[in-house]
Amino acid sequence: MPSEPNQQSGWELSSSGKYWTYAHPLEKSDNDDRQYRLIKLTSNDLEVLLMHDKNTDKSSAALDVHVGHLSDPTELQGLAHFCEHLLFMGTEKYPKENDYGQYLSDHSGFSNAFTGLENTNYYFEVGHEHLEGALDRFAQFFISPLFSDSCTERELKAVDSEHKKNIQQDSWRMFQLEKTLSNPNHPYCHFGTGNMETLSEDPRKKGQDIRTELLKFHDSYYSANIMKLVVLGRETLEELTEWTVEKFKDVRNKGIDPPSFPNHPLTKNELMKQIFVKPVKDVRSLEMTFPFPDQRPLYAVQPGCYISHLIGHEGRGSVLSLLKKHGWANYIQAGSIHGGIGFEFMRVNIDLTEDGLAHYEEVILAVFNYIELLKKSGVQKDIFNEVQSLASLAFRFKEKSPASQYASRMAGLMQHGYPSEYILSGPSLIREYNPELIEENLSWLRPDNFRIMLASQTPPKGVQFTKKERWYGTEYEVRDFDDNLNQYLNNLKGDDALHLPATNDFIPTDFEINKKKIDEKAKKPELIVNTPKLRLWHKKDDTFWVPRANVCILLRSPLAYATPANCVKTRLYTDLLKDSLNEYAYDAEVAGLCYNIENLLEGMLLSLGGYNDKLSLLLEKVVQKMCTFEVDAERFKLLKDQLRRSYKNFSLESPYQHALYYLSYFTQDKMWTNAEKLKELDDITAKDIQEFYPTILSHLHLEALVHGNIVKEDAEKMLMSALDTLQPKELLPSQIICHRSVVIPKGKRTKWVYKHQVEDPNNVNSGIEYLIQVGNVTQIPLRARLGLLAQIAQEPCFDQLRTKEQLGYLVISGVRKQTGSMGMRFILQSERDTVYLENRIENFLGKLRDLVANMSDSEYQAQLQSLISKKMEKDKNLGQEASKYWSQIHSGYYEFDQVETDIKELKSVTKESMLEFIDQYISPESPTVRKISVHLQSQKTITPKYKVNIESLHTCLISQGITRLSIDDLRDAVERGDAGEASMLAILREKLTDESKANEDEITSLMAKLTTAMGMTDNASVNGQIDGTFVSVDNKATARRLSSADAIDPVALNAKQEAVARDHTKLPKGNCIITDPVDFKSRMHLGPAAVPLAKF
């Protein structure tokens, strides 16, 4: 039975008796203008946080279920994650599997979900006018999900593909290894993602049906009383309450407690161990892990915050400062990480230098010396006050975030057990000073209560990688702490170089924002300085009214990117500059004021953001250091090594990232490759940097944006001061022209393919980016139609290529924009051959034309309005608005009214003009289409495939009265060849049983007819070309049983003739292979450089 909240605790029953309301005010940020209501449904104990935001243009809902992969059955690891995948595939009320996704896509929305250790979080975002329809569909997933059998098989592939996407990622590998080597009797040691082995093959061997097990899991844990729901919209709280109660009242309450797990994953058996790991990339890191108390019940004091603030400090006297002086480390991170109810970890991560790796035991000693310093010094009230006040400031001036991001986060935070009045502020504020509790938590950080994980491609002397982790294949070794390390730890003597941090001078004290009534808000920044040396844009914040500002300064220099060597020198200069300022700037970062400097194609970008009170002080210091910087030879050597490894490690990134990288190379007039930069790096010396950087600074053009809580006069003063410090000579006008795009010219050779091998030999995935060039970004009619087509294509592309065809976990479509060029792009990462992927993309493009042609007027208008709504979406915070303005300034177009221009054009775009646009610019069959694709092909051997005519199989089934199985269902069954022929036939049997509802004898007879009626088709074709309805299987006998070119009836034959004939083993006709990238680029045209579209 549903529980009844105690009225003394602040809950009151509504007059309708359908829900309880928490009657006391919820503690919220002073900057938060939303209205909130916390209710609990009487029908099922579902707790709901309702949010009324009168200004939001996007509505959202998120539901968090307090169950994650810690609750997976031991024999079905990954089941919680699989449930998350399958839950959204249709409901009894909305059975069409992509109804939810299509509804959201039609109304400027999207959805997502994730599975954690102890929670599963589902959320969506939609145009504010369409919340009720989205909310109704969302609710049904928790009332009557279908978990249909055909979707079950497909989503198994999606889970498996997701795992394979992560196999070569060091973060995933080390996370799983850390879990695998935890207490084997604790579910933390499980494999949370799951794959075909854990969710398909092993269950079948044990006679388990995965769908049946999934239903059991869902029935056991998906209970309203351990769910938390957030609904955010423009509607009044009364209306949101009415909708929520009505739509979610039927979610079942099973009266269960949130799953909890006794004991800690790290026991004495797992502690005091050294885990040596071989990473994929050339990284060197030390991770120290301590069992730690669960911090959620300690929210009022947050001891972990105080402790990690000090251990992870980077200022003078810190652990990092000491390690840098020894040349042992580059970075440090410290923090507590929640595991599950009742257990947590404190982790210290240190990025080691090569020398630091050789002295890793001394590095551990340095950390413990600092911990001992903290224990001996006792808890410092002034440091606690500083941490507390900074947390209070961040909450006081908290800005809005995207609707779904906020809803998802709040639904998760509601599971943390905070008192109802603190549901919004729970982790954001530190409420009590309790030194005894902090010291008690600090006492967990002991030499006998931790273990280390040391990652390096070459293990320390005397260590060999003799073991291999099961799920990711990570090579590793485990050793007890040796005598040397134990001796270090048992004889801590302290270090005079270590001391507690001094008072932070960067903590802001001036929060004046001079808020006033604004009749009409400025729509763009104002150009307040325009000289041959400086172009300064300014906009005083008139929307968000927070004491923050953002400053972006582009230091244009034609020398910075003139050669690969100059590019590398500029990069080393910016890296060394940041390294030298780290101790000074870290206090600013802690106090909410950050800066960065990086090298770009045009020169360097210096950016600052945060509380404006001390921003000018930080800018002044950085610019002064830029001019007076002395290169430290030892730090140069270490940062050069870091950069070398960064260039080399890029070769081990995901295949799709390489596809994007090479396509950028082919479509930019100037881009130095990592190989070219790496070649130059070895010969560069510290002296080279010392002599080089003044030449960059000697001739500059500065373009800057000052945006936020800074008035015009102060903005000009800041930039003129920076200019006076730099003292550059002006550039020639011709030196300010930005880069250009490479454009495929019209003519006979307009389709190009570049093929490259995936450099990581162990990555099973291939990647492709397929780009159709359409025109210049300044061509407004083309830009509007391209954007609309991308909007229309997004959901069908994902549904077809990811959900139905299961080509891979990563399927992306959209618009690619560059200076002087724009186009439609498709990005896929898959185990399939890239030639096959290109054919499937072009097959989809053919369907896309039909999709647009067959749209009703209302469907077309819905897509049009969805795109317009997206473009009209307001910026949520100061940072978003600054990014919008800076992107226009940096682009060189200055098209600050782009949204208004695009919307005006979109309103005139007819469906007929869209079809003309597709026919001329997008269709692969168009004589004027201009396309380039980059193929990154895996080195993994591909098993030979045999062709199966699934339309013949479909026709045979129809002749036997089985009409509900689609060709996609059969394609799914046939392509599941991983488990062999018997497994595939078993899948067909399951599908026939579900769909025909026949008895066992009838099913056996039908299977016999199928397997005896089919014959082998070695060269099945239509007019000499292999048809797209043929799929590949691994087993020749399977292909023989399932293939028959003669068994097609007239209906199937007509469908076949209507299909686009294509051989999926060959590139589509008309493609030219790029064999020499430099020669290719030299033969292409250059698009126009950016020309300002605004007068100034």
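Which helices are included in what covers the buried residues of α7? The cover includes α1, α4 (149–166) and α6 (196–205). Buried means under 20% relative accessible area, with exposed over 50% and partly exposed in between (1.4 Å probe, protein chains only).

This is a predicted model, in which local features need pLDDT of at least 70, side-chain atom pairs count only at pLDDT 80 or more, and totals for chains, interfaces and linings use all residues. Residues are numbered from 1 along each chain as its sequence is written, and side-chain values use heavy atoms, without hydrogens and water.

**Overall**

The protein has 36 helices and 31 strands. Helices (H or I, at least four residues) and strands (E, at least two) are DSSP runs, numbered from the N terminus. Of the 1096 residues, 59% are buried. Contact means heavy atoms within 4.5 Å. Among contacts with a separation of 6 or more, 82% join residues 24 or more positions apart.

| Helix | Residues | Buried residues |
|---|---|---|
| α7 | 210–221 | Ile210, Glu213, Leu214, Phe217, His218 |
| α9 | 303–311 | Pro303, Gly304, Tyr306, Ile307, Ser308, His309, Leu310, Ile311 |

The buried residues of α7 fall within an arc of 140° seen down its axis, so they line one face of the helix. The arc is taken over directions from the helix axis to the C-beta atoms. Helix α9 is mostly covered, with eight of its nine residues buried.

**Cores**

A nonpolar core is a set of buried Ala, Val, Leu, Ile, Met, Phe, Trp, Tyr and Cys residues joined through side-chain atoms within 4.5 Å. The largest has 57 residues; Ile553, Leu555 and Tyr595 are among those with the most contacts inside it. Helix α17 (residues 564–590) gives the most to this core, with eight residues. A second, separate core of 53 residues includes Leu63, Ala80, Ala113 and Leu214. Beyond four places in sequence, the contacts of Tyr595 include Leu577, Leu581, Leu606 and Val622.

**Histidine 66**

Histidine 66 sits in the loop between β5 (58–65) and α1 (79–87). It counts as buried because its relative accessibility is 5%. Its side chain reaches the backbone oxygen of glutamate 118 at 3.2 Å. Beyond four places in sequence, the contacts of histidine 66 include Asn119, Ile226, Pro258 and Gln415.

Notes
A polar contact is a pair of N or O atoms within 3.5 Å; within protein, one must be able to donate a hydrogen and the other to accept it, and residues adjacent in sequence count only if both atoms are side-chain atoms. The expected span of a helix is 1.5 Å times one less than its number of residues.
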